[in-house]
Amino acid sequence: MSSFRKALKSRQKNHHERSQPAFRKHLGLLEKKKDYKLRADDYHKKQNTLAALRKKALDKNPDEFYFKMVNSQLKDGVHVTKKGQEEVEVTEEQKKVMRTQDIKYVEMKRVAEAKKIERLKGELHLLDAESKQKNKHTFFVDSKEEVQTFNLASHLRTAPELVDRVYNRPTLETLETKSIQGAVQPHIIKKLARQRKHQYRILSQRIDREKKMFVISQKIQTRKDLQDKTKKVKVKKETPNAAAIYKFETKRKS
């Protein structure tokens, strides 16, 4: 019973640490041993780090070179690798679409663009597109005199005004036997040419849009595939125009 009374907490005295004397209040709280221990450990850690860096600098080879010395920069006190404009893996437009749209929606829009492209190609035939490579037509003659007197219009048997055409270039016999169909006035022909040029511009924009949608769908699919826990190795890094390529470990299906 006496031992129980000694163990009672109510009879124990509370331990009070000595406080800062009144004439030293301006110095703040009185430092205890645990505070000193923390301060001392931090001080020695910093001194050891400085000593290790000093030794590393003394042992460094002055001719040593790494590419990261020129390909990195300080940002907020941390070394980060520089990235050029051409090395950006995902553009801001691609990030926005990948965050807000599902792969099925992106693929649906891409297929719709592909169908519109095929329909435009069928209408325009790409006969006088600006991006199309210019064709060459070589004529062979027997002598130098024929080269000097060579007349392209008479050789093609067509009118001189139609020589520059790459399509719809009738011969003189056809012009004599058949009537001209379609627009013949110069201002109407120029208007049709402007409309055709506008259609080619729309076709070019749709082709670029279809390519972008294809790249976005590939990147979304790659991110979904990466959620698989199968062991994988990156074969090719991601670029703005192509998704990353991974090689997955083969698994035998039981």
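# Reading helices, cores and salt bridges

User: How many residues apart are Lys55 and Asp59 in helix 2?

Analyst: Helices here are DSSP runs of H or I with at least four residues, strands are runs of E with at least two, and both are numbered from the N terminus. Lys55 and Asp59 sit four residues apart in helix 2, about one turn of the helix. This is a predicted model, where local features need pLDDT of at least 70 and side-chain atom pairs count only at pLDDT 80 or more, while totals for chains, interfaces and linings use all residues. Residues are numbered from 1 along each chain as its sequence is written, and side-chain values use heavy atoms, with hydrogens and water left out.

User: What links Lys55 with Asp59, and how far apart are the closest N and O atoms?

Analyst: A salt bridge needs a side-chain nitrogen of Lys or Arg within 4 Å of a carboxyl oxygen of Asp or Glu. Lys55 and Asp59 form one, with their closest N and O atoms 3.0 Å apart.

User: Are Lys55 and Asp59 buried or exposed?

Analyst: Buried means under 20% relative accessible area, exposed means over 50%, and partly exposed lies in between (1.4 Å probe, protein chains only). Both Lys55 and Asp59 are exposed.

User: Which residue forms a salt bridge with Asp41?

Analyst: Lys37 does, with the closest N and O atoms 3.2 Å apart. Asp41 is partly exposed at 39% relative accessibility. Lys37 is partly exposed too, at 47%.

User: How many salt bridges does a search of the whole structure find?

Analyst: The search finds ten.

User: Where in the chain does the pair Glu113 and Arg209 lie?

Analyst: Start with the bridge: the closest N and O atoms of Glu113 and Arg209 are 3.3 Å apart. The pair joins distant parts of the chain, with Glu113 in helix 5 and Arg209 in helix 9, 96 residues apart. Glu113 is buried, at 10% relative accessible area, whereas Arg209 is partly exposed at 37%. A network of salt bridges with shared partners joins Glu107, Arg110 and Glu210.

User: Which residues does Glu113 touch?

Analyst: Contact means heavy atoms within 4.5 Å. Leaving out residues up to four places away in sequence, Glu113 touches Arg206, Arg209 and Glu210. Helix 5, which holds Glu113, covers residues 103–124.

User: What should helix 9 span?

Analyst: The expected span is 1.5 Å times one less than the number of residues. Helix 9 has 40 residues, 186–225, and should therefore span 58 Å; its end C-alpha atoms are 59 Å apart, which agrees. Its buried residues include Tyr200, Leu203, Glu210, Met213, Ile216 and Ile220.

User: Which residues make up the largest nonpolar core?

Analyst: In soluble globular proteins, nonpolar side chains tend to be buried together. A nonpolar core is a set of buried Ala, Val, Leu, Ile, Met, Phe, Trp, Tyr and Cys residues joined through side-chain atoms within 4.5 Å. Here the largest has six: Val97, Ile103, Val106, Met213, Ile216 and Ile220. Helix 9 gives the most, with three. There is a second, separate core of five residues, among them Ile117, Leu124, Tyr200 and Leu203.

User: Which residues does Ile103 touch?

Analyst: Apart from residues up to four places away in sequence, Ile103 touches Ser217, Ile220, Gln221 and Lys224.

User: Which residues form a nonpolar patch on the surface?

Analyst: Patches take residues with over 30% relative accessible area and no salt bridge, joining like charges within 9 Å and nonpolar side chains (Val, Leu, Ile, Met, Phe, Trp, Tyr) within 5 Å. Accessible areas come from the Shrake-Rupley method with a 1.4 Å probe, and for residues only the protein chains shown count as cover. Phe65, Tyr66, Phe67, Met69 and Val70 form the patch, with about 560 Å² of accessible area together. Tyr66 lies in the loop between helix 2 (33–59) and helix 3 (68–71). Tyr66 is partly exposed at 47%.

User: Where is Ala244 found?

Analyst: Ala244 is in the loop between strand 3 (232–236) and strand 4 (245–248). Ala244 is buried, at 10% relative accessible area. Its contacts beyond four places in sequence are Thr222, Lys236, Lys237 and Glu238. Ala244 and Lys234 are ten residues apart in sequence and 7.4 Å apart in space, C-alpha to C-alpha.

User: How many helices and strands does the protein have?

Analyst: It has nine helices and four strands. Of its 254 residues, 14% count as buried. The protein exposes about 23100 Å², with carbon and sulfur atoms supplying 53% of it.
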